[in-house]
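Trainee: I would like to learn how to read the packing of a model. Where do we begin?

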Amino acid sequence: MLSLHIPTPERWLKQVEDHLDLLLIDHAHCEKKAAGVAMNLLFSYVEHAKLTRAMTEIVQEELDHFHQVRAILDRRGIRFYKLSPSQYGAKLHELVNKQEPQRAVDRLLIAALIEARSCERFGLLRDRLADRELADFYGSLFESEARHHSTYVRLAKDFQPEEAVRRRLAELAEAEGAMIAAGEVQPRMHS
C-alpha cells in the first residue's frame, strides 16, 4: 500500500527512544516542510485543477499537524529551534528529472514516498512508544499520511500513464530504501 521498498530498521526505533525531544522538534519541521512542498506544487502546476484542490487541502492539514506538534512541545516545555535537516529530503530531490512532465511525476512521487515513510513510522511510534500521549498522537496522524501518499501517486497519473508512474515509483522507492538502510547519526523522522 505505501510503496516502500524496505521497512524502517530497528536501529531507528532505538535511536528515537532516547531522543524523543529531538524527534518532536524534527517532526514539527517536517510538517512545515510538507506544507511548503504542497504549496510549491500548487504554484508550479496551477493549471491542473485537481492538483490545486488537493494541494490546498494538504497544505491546511500539514499546517494543522505542525500546530499540533508545536502544542506538544509547548506542553512539555521543549524549546522549538531551527535544526539542520537530515539529508533524506535533499537526496531524494536530487533524483528529480529536470524535464516536464517527468519533473512533475518525480516531484509528486517523492512527496508520496516521504508521506509513506512518515505513515510507516507513525505506525511504529503508535505501536511501540511507551509514552502513551505520543503513541496516541502518532496514531492519530497515521491515516492522513496514508491519504497524502495515495493522493500524490494518483495525481502523478494525470501527468503520465499509470504503468510509467508505477515503474518510476518503484525506482524511486528503491533509492529511498537505500537511504533509509544507510541511516544517519541523528534520529530524525526521516533518518
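Mentor: With contacts: contact means heavy atoms within 4.5 Å. Phe-159 touches Tyr-45, His-48, Leu-51, Pro-101, Ala-104, Val-105 and Leu-108, leaving aside residues up to four places away in sequence. This is a predicted model, in which local features need pLDDT of at least 70 and side-chain atom pairs count only at pLDDT 80 or more, while totals for chains, interfaces and linings use all residues. Residues are numbered from 1 along each chain as its sequence is written, and side-chain values use heavy atoms, with hydrogens and water left out.

Trainee: Which residues have the most contacts inside the largest nonpolar core?

Mentor: In soluble globular proteins, nonpolar side chains tend to be buried together. A nonpolar core is a set of buried Ala, Val, Leu, Ile, Met, Phe, Trp, Tyr and Cys residues joined through side-chain atoms within 4.5 Å; buried means under 20% relative accessible area, with a 1.4 Å probe and protein chains only. Here the largest core has 32 residues, and Leu-51, Met-55, Leu-108, Leu-109, Tyr-152 and Phe-159 have the most contacts inside it. Helices H2 (20-44), H3 (49-75), H4 (88-93), H5 (102-128), H6 (132-156) and H7 (162-182) each supply at least two of its residues. H5 gives the most, with nine residues. Another core, of 26 residues, lies apart from it and includes Leu-13, Val-69, Phe-137 and Leu-141.

Trainee: How many helices and strands does the protein have?

Mentor: Helices (H or I, at least four residues) and strands (E, at least two) are DSSP runs, numbered from the N terminus. The protein has seven helices and zero strands.

Trainee: What share of the residues counts as buried?

Mentor: Of the 191 residues, 51% do.

Notes
Buried means under 20% relative accessible area, exposed over 50%, partly exposed in between (1.4 Å probe, protein chains only).
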